[in-house]
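I opened my notebook to look up a few things in this structure. The entries follow in the order I made them.

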Amino acid sequence: MGTLSVDPFSRSFKGLIVWCIWLSLIQSSLATSHKTGHHFYKWEVEYMYWSPDGVENIVMGIDGKFPGPTIRARAGDTVHVQLTNKLSTEGVVIHWHGIRQKGTPWADGTAAISQCVINPGDTFDYRFTVDRAGTYFYHGHYGMQRSAGLYGALIVDLAEGEKEPFHYDGEFDLLLSDWWHKSVHHQEVGLSSQPMRWIDEPQTLLINGRGQYGCSLAAHYSKSPLSQCNITGHEQWAPYILHVDPNKTYRIRIASSTSLASLNLAIGNHKMMVVEADGNYLQPFETNDLDIYSGESYSVLLKTSQDSSQNYWISLGVRGRKPKTPQALTILNYKTNSASKLPISPPPVTPRWDDYAHSKAFSNKIKALDHKSIPKPPPTYHRRIALLNTQNMMNGYTKWSINNVSLSLPATPYLGSIRFGLKNAFDQTKPPEDFPGDYDVMKRPVNSNTNTGNGVYMLGYHSTVDVILQNANTLAENNSEIHPWHLHGHDFWVLGYGEKKFTKADEEKFNLKDPPYRNTAVIFPYGWTALRFVADNPGAWAFHCHIEPHLHMGMGVIFAEGVEHIAKIPKEALSCGLTGKRFMTGSHLG
Ligand SMILES: [Cu+2]
């Protein structure tokens, strides 16, 4: 852990040498084989006292850690997490974000979709293959447990003998999040009250679970009057420092698990080369600052080629919403200096929150690398689904809706109810494929009323599906918001972004040559985003806005395909709702 005063590299040098010799012996014995590994973790999820930003609060931790432990495996390995719920008063599940769960759709960790929640005291076994190298993370997917702090990093290295299309000497992993002092239960009750009480902006941005509320990070050097700002390096909220050697190349893996905030990261005096997004290689491009939305991950390469007699600020700020949250700061420490030496150049300034031209320019630079690991998009689609994103009212409650349906999850997980044909488990009417042609996306809804629903978009197995995500004005005049959409079980090609309402003519501008292959893509205010994917993964999959309060207020849909091809679903995944009742009466599920 990189903290102010502890140098991880010198902690146990002797032990390191012994370990290196041992490791090289093992590696030479494995050099000729391509053995896949098995990683077993026994985890307990519980609430615990923690001070993520210097203010004591409760967080949802794993095995006494916040954020949860990092999972590190190689492509092709099996990960087995035996998860026990120690929360006492609520259920839990964990979603492995970016892992496609081929052949194990019940391990996707989505409550009411792929499994029943794990009850207090119960244990559930997540077993899945990590089939592709990349930067991923995991997080709670029940209620708003991501906001409660249930997340951690999941890094998949290349299989033995494979090579990255770029070189680096060292690596850092940054998991970004946002933090509220108000408890997640308090936040949730506000969102589902009448009238709604919005959660407002986060108090603090966290880097690897560490932030400094009410401190300018620089302040602790100048003796701030606030006790939490006098950081020695051992506090739970001491910044995660990046200690680097001069003239090296570092890979910085960055993932955003924020509940709400769209972020921008910059490193003073240094440019970054962006090389990976959501587990897929990109055509490398250089940038001064990186936009990252909730649910996305990137790798950037950093050359430590600047004046090594100085340290530099790394800043993280909010985009897309009026900023009420201070920038998070940490330090890029050239090891030639003390980590506590204050940078002489000021922290990079986050681009203006509403400079969407800057955000769009960044998104449009993202192109897939021509690489054997990334498939090319099919030239045409079988089915196009247009999804209009609106904010609505329902009996005085505020909702988010897709084609005027606000998602309300059923009691029986879709995976079980579709597999076993339990028609009473969810709406059997097909959700709408489109929205009225005369809908004015630039204005507030004429009729703001909406309905809840939980129907499923049943997709033809192996069919190519296009999704047009259409943004619109919210309930407030002259307002439209950013929504990062995340697809479970698949990657999609991002064929393009556009302004205002999507028209047939926009199709001409689709990028079919080198579109990025990702699992999360943003829709900009008043804009549209076009995606294409192949429905080749049997299962029931969520497709939703990754802003947690938005999903909680209904901003998502369910896709399902090939469910009849799914082998035996573990009973423990389906021991609730109508599938659970079948177990109780002893009747077979199928
Ligand atoms: Cu949203």
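**Entry 1: a loop residue**

I began with Thr-412, in the loop between strand S22 (405-407) and helix H4 (414-419). I noted that the model is a predicted one.

Is Thr-412 buried or exposed? I read a relative accessibility of 3% for Thr-412. Buried means under 20%, so Thr-412 counts as buried.

Next I asked which residues Thr-412 touches, leaving out those up to four places away in sequence. I listed Ala-112, Ser-417, Ala-425, Cys-576, Gly-577, Leu-578 and Thr-579.

I also looked up Ser-114. It is 298 residues from Thr-412 in sequence. In space, the two C-alpha atoms are 9.5 Å apart.

**Entry 2: a strand and its partners**

I moved on to strand S27, residues 492-499. I found 6 of its 8 residues buried, so S27 is largely enclosed by the rest of the structure.

Which strands are joined to S27? I noted strand S28 (residues 517-518), with 2 bridges to S27. S27 and S28 run antiparallel. Here Phe-492 stands opposite Arg-518.

I also noted strand S30 (residues 527-534), with 6 bridges to S27. This pair runs antiparallel too. In S30, Arg-532 stands opposite Trp-493.

**Entry 3: the whole protein**

Then I stepped back. How many helices and strands does the protein have? I wrote down 6 helices and 32 strands. The radius of gyration is 24 Å, close to the 25 Å that the globule rule gives for 590 residues, so the protein is as compact as a globular protein of that length.

I looked up the extent of the C-alpha trace. Along the principal axes it spans about 65 × 60 × 50 Å.

I checked burial for the protein. Buried residues make up 59% of the 590.

**Entry 4: surface and charge**

What is the accessible surface of the protein? I noted about 24,100 Å². Carbon and sulfur atoms hold 54% of that surface.

Last, I looked up the charges. I noted 54 positive and 54 negative ones. Their mean positions are 1 Å apart.

Notes:
Residues are numbered from 1 along each chain as its sequence is written. This is a predicted model: local features need pLDDT of at least 70, side-chain atom pairs count only at pLDDT 80 or more; totals for chains, interfaces and linings use all residues. Side-chain values use heavy atoms; hydrogens and water are left out. Helices (H or I, at least four residues) and strands (E, at least two) are DSSP runs, numbered from the N terminus. The radius of gyration is taken over C-alpha atoms; the globule rule is 2.2 Å times the number of residues to the power 0.38. Buried means under 20% relative accessible area, exposed over 50%, partly exposed in between (1.4 Å probe, protein chains only). Accessible areas come from the Shrake-Rupley method with a 1.4 Å probe; for residues, only the protein chains shown count as cover. Lys and Arg count as positive and Asp and Glu as negative; His and the chain ends are not counted. The place of a charge is taken as NZ of Lys, CZ of Arg, CG of Asp or CD of Glu. Two strands pair if DSSP finds at least two bridges between them. Contact means heavy atoms within 4.5 Å.
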